[in-house]
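Here are my notes on the interfaces, written as I went through the model. Have a look at the structure first, then read on.

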Amino acid sequence: MIAIEAVSKTFETEKRRRLPALCDISLAVAAGEFVSILGPSGCGKSTLLYIVGGFVAPSAGAVTVNGQRVTGPSPDRGPVFQEFALFPWKTVLGNVMYGLQRQGVARQQALARARELIAMVHLAGYENLYPKELSGGMKQRVAIARTLAYRPSILLMDEPFGALDAHTRTRLQNDLLDIWERDRKTVLFVTHSVEEAVFLSDRVVTMTRAPGRLKQIIAIDLPRPRSRAALLLDRRFQDYVVGIERLMDSADSGAPA
Amino acid sequence: MRARSGIATVVLIGALPIALIVGVWHVLAATGMAPPSLLPAPSAVAARLVQQWSSPAYLEHAASTLLRLFAGFGIAVIAGIAIGVAVTASRWVGATVTPLVRVLAPVPKIALYPAFILTLGFGDASKIALVVADAVFPILLATAQGTAAVEPKLAWSAQAAGASRWRCLLTVVLPAALPSVLTGCRIGLVISCIVVFLAEMITSTDGLGHLLVRAARSFQTVDMFVPLITISLLGLLLNAGFNAVRRRLLAGFPETTE
């Protein structure tokens with residue numbers, strides 16, 4: 001359903017220097033698939049996600065979604081950012097309502113759906129608080145609910161749990177899998193945590209250091225629904241993590257840390 | 001509640017230098033170091049102030065000043081925000097307006113006043129025009145800067161939710177830039193107070209500035225201080241009102257010092 005075809009991106013700096021960020025990336029993601037993109041920081045993995053989102057235009061190549069070429073953002077592809085990007089002047093309810101209002105949902109229906117979503121991300125009772133009054137984990141829950149509100153068929157998650165402490169991160173990973181199990185949206189998930197990628201994904205795409213190229217795609221053949229506690233003891237899980245970590249190390253070899 | 005005693009302390013400390021100035025003024029007047037014909041005693045000014053504030057004629061002058069101030073400031077806010085947003089939104093508008101602003105912003109607008117009088121007449125219009133000309137720039141610059149600095153991911157989140165470019169601009173970019181926009185508006189408000197008074201001092205038949213000049217020309221020093229104190233208190237009141245509005249509008253934003 002998502003087809004990334006020979007996408008490259010070169011940024012032009014103010015001094016007219018050309019910085020290649022992505023180099024000839026091709027990748028196909030099937031409907032309902034959970035794919036993680038894993039790479040060292042600065043390898044352009046977030047840029048790739050922004051290109052799929054239609055927020056950034058590629059320098060070469062194209063992205064198509066269901067056969068349609070991506071030329072800009074669309075409610076079909078919902079982003080979730082590491083920085084949450086919540087609207088600070090809106091309450092939790094207001095943030096979740098935003099997309100419903102843009103979709104022209106009648107107010108009563110929108111309110112009901114927003115409350116339902118807020119309950120789903122375990123924030124019932126927090127509807128009237130402002131984002132600044134919430135913890136990082138709660139903010140990301142609001143951001144996920146805000147994006148789910150307009151029913152995108154694809155979720156584009158840009159290191160969504162990267163700014164959270166280990167405990168919160170684990171809880172949100174579990175909750176994300178729970179939500180995903182219900183309607184199996186297509187997810188493109190950028191992260192630099194190998195364990196997170198293996199735990200969540202059907203396939204893990206590894207990238208090289210900048211300018212980012214595809215390095216290797218690893219299918220994660222672990223049963224679902226997954227439980228973190230069980231997986232940590234599972235030999236196959238450990239093998240995936242160790243194998244991919246070795247692969248990442250070899251990507252870094254010779255390059256300055 | 002927790003901040004109640006803190007606010008009282010701050011107000012007290014803030015009132016101290018003002019009390020000091022009035023104290024020195026009183027001593028200068030009472031000891032005769034400054035002749036009463038040039039520097040009236042603060043008590044005399046205060047008595048006259050109370051008397052004037054209950055005089056309909058005086059209040060009419062104050063009302064004309066306020067009308068010009070609000071009209072000028074209001075137009076400056078609308079124009080400043082509209083142009084500021086347009087500068088960020090459209091590369092074409094930005095390229096046309098930015099050089100114009102760079103040329104016009106440093107010009108002392110008071111120099112345009114004779115031209116305003118010639119084209120708009122001696123009435124309210126020329127004074128309002130001068131207030132607009134002076135107050136619009138800080139608002140415009142703060143809006144352009146604030147909207148340009150808005151985190152792109154906020155706009156992306158809105159566009160992915162289905163907001164058009166214009167929708168996104170009005171419902172996300174402008175609200176996100178509000179702290180900066182309101183800082184520009186506050187500067188614009190102070191400038192409006194100064195400029196409306198100045199315009200009335202230069203050419204007017206009514207208003208607080210006119211009263212001051214009229215009193216000065218006839219050496220009525222007590223009457224000279226009354227409009228001065230009135231505009232200063234009005235400024236204080238307007239600023240307090242502005243801050244109340246600001247606090248409401250910025251309820252969700254992280255706290256900033258005022």
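1. Let's start inside chain A. The centres of domain 1 of chain A and domain 2 of chain A, taken over C-alpha atoms, are separated by 25 Å. The contact between them draws on 14 residues from domain 1 of chain A and 13 residues from domain 2 of chain A. Keep in mind that this is a predicted model. As for the bounds, domain 1 of chain A comes in pieces (1–76 + 153–238 + 249–257), while domain 2 of chain A covers 86–151.

2. Next, the area. Between domain 1 of chain A and domain 2 of chain A, about 1,100 Å² is buried, and carbon and sulfur atoms give 69% of that. On the domain 1 side, A:Pro75, A:Leu172 and A:Ile179 lose the most area to domain 2 of chain A, together 40% of what that side buries.

3. What about charges here? The count between domain 1 of chain A and domain 2 of chain A is one salt bridge. The side chains that meet in a salt bridge are those of A:Asp175 and A:Arg141, at 2.8 Å, N to O. Polar contacts between domain 1 of chain A and domain 2 of chain A come to two residue pairs, both residues at pLDDT 80 or more.

4. Which elements build the domain 1 side? Strand S7 (154–158) and helix H5 (166–183) of chain A each supply at least two residues of the side that touches domain 2 of chain A. H5(A) gives the most to that side, with six residues. By class, this side of domain 1 of chain A divides into eight nonpolar, two polar and four charged residues.

5. Now the chain–chain interface. Here 24 residues of chain A are in contact with 20 residues of chain B. The area buried between chain A and chain B is about 1,900 Å², with 67% of it from carbon and sulfur atoms. A:Trp89, A:Arg102 and A:Lys132 supply 33% of what chain A buries against chain B, more than any other three residues.

6. Across the interface of chain A and chain B, the rule finds one salt bridge. B:Lys153 and A:Glu83 meet through their side chains in a salt bridge at 2.8 Å, N to O. There are also seven residue pairs in polar contact between chain A and chain B, both residues at pLDDT 80 or more. S6 and H2 of chain A each supply at least two residues of the side that touches chain B. That side of chain A has 15 nonpolar, three polar and six charged residues.

7. A word on rings. The count over all chains comes to 12 aromatic pairs. One of these is A:Phe87 with A:Tyr98: the ring centres are 4.9 Å apart and the planes at 65°, so the pair is edge-to-face. A:Phe87 sits in the loop between strand S6 (77–81) and helix H2 (92–102) of chain A, and A:Tyr98 is in helix H2 of chain A, 11 residues apart.

8. Last, chain B, which is divided into domain 1 (1–39) and domain 2 (41–249). Their C-alpha centres lie 28 Å apart. Eight residues of domain 1 of chain B are in contact with six residues of domain 2 of chain B. The area buried between them is about 570 Å², of which carbon and sulfur atoms give 74%. B:Trp25, B:Leu38 and B:Leu39 supply 62% of the area that domain 1 of chain B buries against domain 2 of chain B.

Terms used. Residues are numbered from 1 along each chain as its sequence is written. Chains are lettered from A and ligands numbered from 1 in the order in which they are written. This is a predicted model: local features need pLDDT of at least 70, side-chain atom pairs count only at pLDDT 80 or more; totals for chains, interfaces and linings use all residues. Side-chain values use heavy atoms; hydrogens and water are left out. Domain bounds come from an automatic or database domain assignment. Contact means heavy atoms within 4.5 Å. Buried area is the accessible area (1.4 Å probe) that two parts lose on being put together, summed over both. Rings of Phe, Tyr and Trp (its six-membered ring) pair if their centres lie within 6.5 Å; planes under 30 degrees apart count as stacked, over 60 as edge-to-face and the rest as tilted. Helices (H or I, at least four residues) and strands (E, at least two) are DSSP runs, numbered from the N terminus. A salt bridge is a side-chain nitrogen of Lys or Arg within 4 Å of a carboxyl oxygen of Asp or Glu. A polar contact is a pair of N or O atoms within 3.5 Å; within protein, one must be able to donate a hydrogen and the other to accept it, and residues adjacent in sequence count only if both atoms are side-chain atoms. Ala, Val, Leu, Ile, Met, Phe, Trp, Tyr, Cys and Pro count as nonpolar, Asp, Glu, Lys and Arg as charged, and the others, Gly among them, as polar.
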